[in-house]
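Please look at the strands of the model shown here. The text below goes through how they pair.

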Amino acid sequence: MANDQIKSILAVDCGSTTTKAILLDVADGQYRFVARSQVPSTGNAPWHDITVGIYHAIQQTAKIAGRRMLDEDGQLVMPERSGRRGVDILAATVSASPPLRVVIAGLSQDVSLQSARRATRFTYCQVVDQIALDEPEHRSDVQRLQSVQNAQPEVILLVGGVDGGATRPVMNLARFMALAVQLKTDPPPMIYAGNVALRSQIASLLGDQVELRAVDNVRPTLTSENLAPAQAELEQIFRETVMAHLPGLNLLKRWSMGDVLPTAQGLGHIVRYLDRLNSKPRHGVLGIDVGGMTSTVAAARGGRFSLTVMTGLGMGASIGKLLQRATIEQVTRWLPDEVSPDQVRHLVMNKELRPWTVAQTEQDLLIEQAIARQVISLALAEARGGWPFRERQGSPVLNEIIGCGSVLCHAPTPGHATLMLLDAVQPAFWTPRLVLDKTGALPTLGALATVQPGVVAQMLERGSLVELGSVISPVGTARHGSKVLSFTVKSNMGAYEGDVRFGSLERIIVPAGVKATLELRPTRRFDLGVGRGKGVRMETWGGAVGIIIDARGRPLVWPEKKEVRQKAVRQWLQELGVWSSLALTETADLLRDL
Amino acid sequence: MYYPPETRASSLTTIRRERTLPLPGRVLVHKGQRVEPWDVVAQAAMAGGYHIVEIAQALKIHKDNIRQYLLKQEDDQVKAGEPIAARRGLFRRVVRSPVNGFLAAVGVGRVLIEADSALMELHAGMRGRVASLHPNRGVTIETVGAIVQGVWGNGRESHGVLKAAADSPHSMLTRQDIEVGSQGAVIVAGQGMTLEALEFAQEAQVRGIIVGGLEVSLLPAVHAAEFPIVVTEGWGTIPMSPVILDVLKANSGREVSLNGRVRTGWEQQRPEVIIPLVAGEPSSEEQALDRPLEEGATVRILRQPYTGATGTVVALPALPKKLPAGVTLRGVEVELTSGERVFAPFANLERIR
C-alpha cells in the first residue's frame with residue numbers, strides 16, 4: 001500500500017505487563033495521534049493467550065476513538081472502509097514472551113565471557129549459567145555438568161580463543177560442553193563463536209545429534225570485538241524457538257502487514273533512523289525503554305549501533321529483582337522526604353505481585369520514579385561496555401535522548417520524565433534534544449518502519465514525540481553553592497541572564513518551537529565541551545520543560561548529610577515544577593503567620 | 001470497557017486443578033477415581049547426579065583409545081564397585097563404577113556415569129475426583145467447593161481444618177490467639193501477625209496460616225515455617241478483604257487444602273485455598289474471565305491510600321480524573337464497605353468474585 005493511501009494505523013504493543021493499542025490517523029495531511037488504551041496483558045495465567053488482551057485493548061481504543069475496528073466475527077476490519085470503519089494497517093511489537101535461556105562458556109571471565117555476555121544482551125536472553133576455565137569458585141567438572149543440566153538451556157554459546165591463537169584450551173572446553181549437551185534427550189543447539197580454526201573439529205566432536213551454528217569469532221584479537229554474527233544468530237533462535245511459541249502470536253502476524261518485531265528491535269530501528277538524521281554526527285542518539293520485565297538501551301552514533309536488552313530489569317513483575325542489584329539507599333537518596341526502607345520494600349514487592357498498578361499518591365509516585373532512576377542506571381551501566389558514545393568523566397556526550405516506557409510516558413508532567421532521564425543518564429556538555437514517547441507507540445513505529453519508512457519518518461518529524469527541551473551539563477567540580485557559570489538567553493520572548501551555582505538545576509522556560517540563543521560563560525573549573533573556562537554561544541530549541549542547566553557535577557555530586565541531600569532533591573524537583581508539597585507547606589506557614 | 005484482573009473468593013463453585021509432574025513420569029490413578037489430598041497421583045524418576053570417571057588416567061592409556069578398554073557401553077547399567085574398564089596383560093588395571101547407575105556418555109579419556117534416580121511423588125493436594133488424565137505428566141482433579149485466591153505464599157502445600165482466629169479484617173494474629181489444641185488447624189488471621197504468633201504456630205504444629213498482609217521483616221521466619229502461609233492482600237499491614245474473610249469464616253471447621261506456591265514474572269501462579277464441600281450441594285461452573293467491569297461489581301483497590309479496601313462499583317465516569325499523584329486517569333467510583341465513596345483508576349482495581 002502506498003504512503004498516501006494509508007490514512008489510519010493501529011499500533012499494537014504486547015508487553016509482559018500491559019498491552020497497548022494506539023490509533024494514528026491522518027488529519028490535515030499529517031499523521032496524528034487519535035486514541036490510546038492500555039490493558040493488562042494476558043500471555044500468562046489464567047488466560048495464556050495474548051489475543052485476549054489485544055482484543056480488550058482494541059475494543060477500548062475503538063470506544064475512545066468512536067470508530068468500529070472489529071467486525072462481528074472479531075476480525076480486524078482492514079483496510080479502512082467508509083464511515084471510518086477499521087484501519088488501513090496494523091503494526092505490532094511483542095515483548096511478552098519469556099527470554100531465551102542461554103548458557104555461555106568461554107576461556108576467561110574477563111575477556112571471552114564478557115564478549116559472550118554482551119552478545120546475549122542484543123536480544124531477549126537470560127544467561128542461566130556460565131562456564132569459564134578461570135572460575136574463581138573452582139567448581140569440579142561434575143558440579144559444572146550438573147549446573148548446566150539444572151539450568152535447562154535453550155542454546156549454548158561457546159566462545160574462546162583469538163583467531164590464530166592457542167587451540168588446546170578451547171578444545172578442552174568444547175569437549176566438556178559437548179558432553180553437557182549430548183546428555184540431554186533433546187540437546188539444545190550450540191553457537192560456536194570462538195577461534196575459527198577449530199570449527200571443523202568442534203563439528204566432529206558434536207556429531208549429528210547436536211545442531212552447531214558456527215559464526216565469526218566474538219574476539220578475533222585480544223583488542224577487538226565482533227559481536228554482530230553471534231548476536232544475529234541468538235536473535236534468530238529467540239524468534240524461532242521462543243517468540244514463535246507465544247500463544248496468540250499468529251493472530252498478530254496475520255493482521256500485521258510486516259513481521260511482528262520484538263519491541264527492543266523496534267526501538268533500535270527508530271534510534272538508528274534518528275542517528276541518520278543527526279545533524280551532529282560527532283555525538284549520538286540514546287533511546288531508553290523502561291518496560292515491565294525488560295529495559296532496553298539503544299545507542300547509535302555515526303552509523304555505529306548497540307542494543308542492550310536487560311531482561312529481568314523493569315518496573316513491573318521484575319521490579320523485585322532490583323532489590324538484589326541495588327541497595328535501598330540507592331533508591332531513597334532520590335526522595336525529598338524520609339521514607340522507611342520497609343515502606344520501599346513493601347511497595348516494590350507489591351508492585352511485583354500486581355505490576356499493572358499505578359501510583360495514586362505523590363509519595364508512591366516519587367518512590368516509583370526513584371526506582372526507575374535506578375533501573376535505568378543499571379541498564380546504562382550494562383550498555384556502557386559496548387556503546388559507541390564519547391564519554392567525559394563517565395558521562396556520555398549525546399545529541400539526543402529518547403525516553404520510552406510507562407513510567408516515563410505516564411509521568412504526570414514533562415518535568416518528572418525529564419528529571420528521571422537526567423538523573424539516570426547524567427549526560428555531559430550540551431544535549432540539544434530530550435524527547436519523550438508520550439503515546440507509547442515508538443517501538444511499534446520502528447516495526448512499521450521496516451515496511452512503511454515514509455509514514456514513520458513523517459510521524460517522527462511531526463508530533464509523535466514530545467519535545468522536552470535541551471540540557472547543558474558542565475563537567476567539573478566545586479564546593480556546593482560555588483558559581484559554575486553565567487548565562488544569557490535571548491529569544492523572541494525576551495532576554496534573561498543569571499548565574500548557576502554548583503549542586504543546582506536551573507530551568508529556563510522556552511516553549512516548544514521557540515528558538516533561543518544561549519551564551520554560557522563557565523568559571524575556570526568547568527568545561528562545556530570546548531575546554532575549561534571557555535564560553536560558548538549556541539542556538540537551541542525550547543520544549544515542554546525548556547532549557548535546563550544541570551550544575552550538579554559529572555558524575556553527580558551528592559551532599560554528604562542526609563538533610564542537606566533531601567533539601568537538594570526538593571529543590572531539583574521544585575525547579576522542574578514537579579513537586580508541590582514544600583511550596584504548599586510554605587504557603588500554609590505564610591498564611592498562618594499573616 | 002475495561003477488563004480487570006480477578007481474584008476468586010467464591011463460596012460454591014466447581015473447581016478443576018491440573019496437577020502435573022515437572023518431568024515425564026507415570027500416572028498412578030484412573031479417570032473418575034476419588035482422591036484425598038495425601039494420595040499419590042503420579043510419580044517420576046529424578047536424575048541422581050553425575051560422576052566423571054577418568055579412564056585414560058587410571059589405566060595409563062592414550063585418551064583417544066579408551067573405547068577398546070571399556071567393559072560397558074553407553075546406556076548399560078552399572079553397579080557400585082563393578083568393573084567398567086580394564087587393561088589386561090603385564091600392567092593389569094581395573095576401573096570400577098563409584099555408584100549404581102548407567103553409563104551416560106563416553107568422552108575423550110573419561111566416561112560419565114549417571115547415578116540411579118530418586119523417586120518424585122506428586123500428591124493430589126485436594127480432595128476430589130480425577131476428571132482427566134495427562135499421559136506421563138499428571139491429572140486434572142475436580143471438586144465442588146469454596147475457593148479463595150491469595151497473592152503470595154511461602155511455597156509450601158498442606159491441608160487441615162479451617163479455624164477462624166480473626167473476628168474482623170483488622171485483627172492482628174498474636175500468640176494468644178493460637179490455642180494449644182491448634183494442631184492440624186489452618187488458622188485465618190486478619191491484617192497481619194506477629195513473629196511470636198508465627199513461632200508459636202510452628203510449635204503448636206498448625207497446618208497453615210491465611211493472612212491479609214505480611215510485614216517484610218517476617219520474611220525469613222515465613223520462609224523457614226514448615227507449613228504453608230497464604231497472603232491474600234499483599235506486603236505490609238493490610239486488612240483482609242471482608243469478602244474473603246466472610247468466605248473463610250463461613251467454612252470454619254471444614255477440611256481445606258492450602259497451596260502456597262507462587263510464581264511471578266514470565267510464569268504466573270497464585271496461591272490458593274480450596275475448601276471441598278460435601279457431595280450433593282449445588283454448584284456453579286467457574287465463570288468466564290472475559291467480562292468487562294460494570295456497575296455493581298465487587299472490587300478491591302490495590303494501591304495507597306486505599307490498599308486492600310473492598311467495595312462495589314457505583315459509577316463509571318466517562319471522563320478521566322486527576323489523582324493526588326498528579327496523573328489523570330479513567331476509573332470508577334467505588335462505595336467501600338465502610339460507606340465511603342472513592343475514585344480509583346482502572347489500573348488499580350481487581351474484581352473479586
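What follows covers an open sheet and then a strand with its two pairing partners in chain A.

This is a predicted model, in which local features need pLDDT of at least 70, side-chain atom pairs count only at pLDDT 80 or more, and totals for chains, interfaces and linings use all residues. Residues are numbered from 1 along each chain as its sequence is written, chains are lettered from A and ligands numbered from 1 in the order in which they are written, and side-chain values use heavy atoms, with hydrogens and water left out.

In chain A, an open sheet is built from four strands in the order E20-E19-E22-E23, with antiparallel pairing. Strands here are DSSP runs (E, at least two residues), numbered from the N terminus, and two of them pair if DSSP finds at least two bridges between them. Strand E20 (494–501) and strand E23 (536–541) of chain A are the edge strands, each pairing on one side only. On average, neighbouring strands of this sheet are turned by 20 degrees against each other, direction ignored; the axes are lines fitted to C-alpha atoms.

Strand E22 (residues 515–522) of chain A is joined antiparallel to E23(A) by six bridges. Thr517(A) has Glu539(A) as its bridge partner in E23(A).

Strand E17 (residues 429–436) of chain A is largely enclosed by the rest of the structure, because seven of its eight residues are buried (under 20% relative accessible area, with a 1.4 Å probe and protein chains only). Strand E16 (residues 398–404) of chain A pairs with E17(A) in the parallel sense over four bridges, and Glu400(A) has Arg433(A) as its bridge partner in E17(A). Strand E18 (residues 466–473) of chain A runs antiparallel to E17(A), joined by six bridges; here Trp430(A) has Ile472(A) as its bridge partner in E18(A).

How values were computed. Axes fitted to C-alpha atoms, helices over the stretch in contact; angles between N-to-C directions. Buried < 20%, exposed > 50% of the residue type's maximum accessible area, 1.4 Å probe, protein only.
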